[in-house]
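I opened my notebook to look at a ligand and what surrounds it. Here is what I looked up.

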Amino acid sequence: MAGRHHAAILPQKGGPLSVGERATPEPGPNEVLIEVKAVALNPVDYHQRDFGMPPVPIYPAVLGSDTAGIVAKVGSKVVSTAPEPGSRAIAFASSFYQNGSADHGAFQKYTLAQSEGVIALPDALSFEEGAVFPLAVMTALTAWTSIGIPLDTRYTPQDKQAVLIWGGASSVGTFAIQSARSLGFTVYATASRRHHEYLETLGAHAVFDYKASDVVAQIVDAVKKDGIKLHTAHCVVEGSLQPTLDVLKETKGDAVAKVAHSPVLPPDHPTLDNTEITFNFPPMDPVARDKHMYQCFHGWLQGGLKSGSVVPSPSVQVEGGGLEGLNAALDTLKVGVSGRKIVVPI
Ligand SMILES: NC(=O)c1ccc[n+]([C@@H]2O[C@H](COP(=O)([O-])OP(=O)(O)OC[C@H]3O[C@@H](n4cnc5c(N)ncnc54)[C@H](OP(=O)(O)O)[C@@H]3O)[C@@H](O)[C@H]2O)c1
């Protein structure tokens, strides 16, 4: 490509991001160069900008992971299902698994992404809608495999398998619900009242207001009434482990309960007898991780988008300003969102 492009560069720990020029890289054998059209923001992005956590190994850095754009160029050994140059694409473009390489990172006009994380963007979806998927989908799906549930699981109603998703209106939570439905779980979720009907359209069987003082009793009663043994859960948001364990204590019967926990798990976290609590994280081994990423994007997401069973979620909140607007958009996310995914057209 041998050109230069604009990037929102993090010069040092604590930020802010500052727009400058970078050399546009050539894709390596298994890489795709994306011309970025929209980026979606995640809490990890402002954690890295403001606190350098998770660790940012090299400065200047380029943050971000979630993009939709146009394939500019592909390497010589990309996966056979990767989209071709000129086509619209969804890409997981993060420097996190690339030793902090600033050539990978969504917050720039051209980014590299490994081909396991790049799929076609359906014609019916805008770039803004396409950007909402990558990290949230990968996190929601990794929760299943973290607790030993393969992504090709297809329970039938006779199996009576249920899951509790605490934080259903979050970005990760909405894909936890969509994926739980595709695996065949009966889905119990928590969210603010105003999101209940929406989460039911995504596949929740019953949604409970986590702000109700008797929310635990409400969930336990519903599970018992449904005649289901509930021993699987995904704690999507901070503070959800204790109430989740309170529910499982009453609903798990003799089964070993399994809980995936997406926020960082503090060492002194609450526990429950006969219950395994696992921090939700992709495999550390690069070969296993690449295979997992392929299954997430080229398997579950690509298949779901083709069949129409997976939709962008939650609602997109577009923030303007392009690369220059990213600091303000990250500040907006940091204040907190409710059932919204912040997306910035680039
Ligand atoms: N382990 C990993 O690899 C990984 C990867 C990505 C993200 N994460 C973590 O996953 C978490 C979710 O990220 P996200 O991007 O999905 O967040 P998000 O969309 O910003 O989450 C906002 C939502 O959280 C909900 N919420 C907040 N407190 C709640 C509570 N006590 N009970 C139920 N819902 C609550 C709110 O629901 P209402 O609107 O209904 O009030 C709101 O809609 C974050 O902690 C993030 O750091 C981990």
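This is a predicted model: local features need pLDDT of at least 70, side-chain atom pairs count only at pLDDT 80 or more; totals for chains, interfaces and linings use all residues.

**Around the ligand**

I sorted the shell by class and got 13 nonpolar, eleven polar and no charged residues. (Nonpolar here takes in Ala, Val, Leu, Ile, Met, Phe, Trp, Tyr, Cys and Pro, charged is Asp, Glu, Lys and Arg, and polar is the others, Gly among them.)

Residues are numbered from 1 along each chain as its sequence is written, and side-chain values use heavy atoms, with hydrogens and water left out.

A polar side-chain atom of Ser 192 sits 2.6 Å from a ligand oxygen. For Trp 166, a side-chain N or O atom is 3.2 Å from a ligand nitrogen. Val 236 uses a polar backbone atom, 3.5 Å from a ligand oxygen. The protein covers 81% of the 940 Å² of accessible area that the ligand has on its own (Shrake-Rupley method, 1.4 Å probe).

**Helix 3**

Which helices each supply at least two shell residues? I found helix 3 (134-146) and helix 4 (171-183); helices are DSSP runs of H or I, at least four residues, numbered from the N terminus.

I then checked burial (buried means under 20% relative accessible area, 1.4 Å probe, protein chains only). Ten of the 13 residues of helix 3 are buried, so this helix is largely enclosed by the rest of the structure. Among them are Pro 134, Met 138 and Trp 144. After helix 3 comes Gly 148, with a positive phi near 85°.

Conventions. A polar contact is a pair of N or O atoms within 3.5 Å; within protein, one must be able to donate a hydrogen and the other to accept it, and residues adjacent in sequence count only if both atoms are side-chain atoms. Buried means under 20% relative accessible area, exposed over 50%, partly exposed in between (1.4 Å probe, protein chains only).
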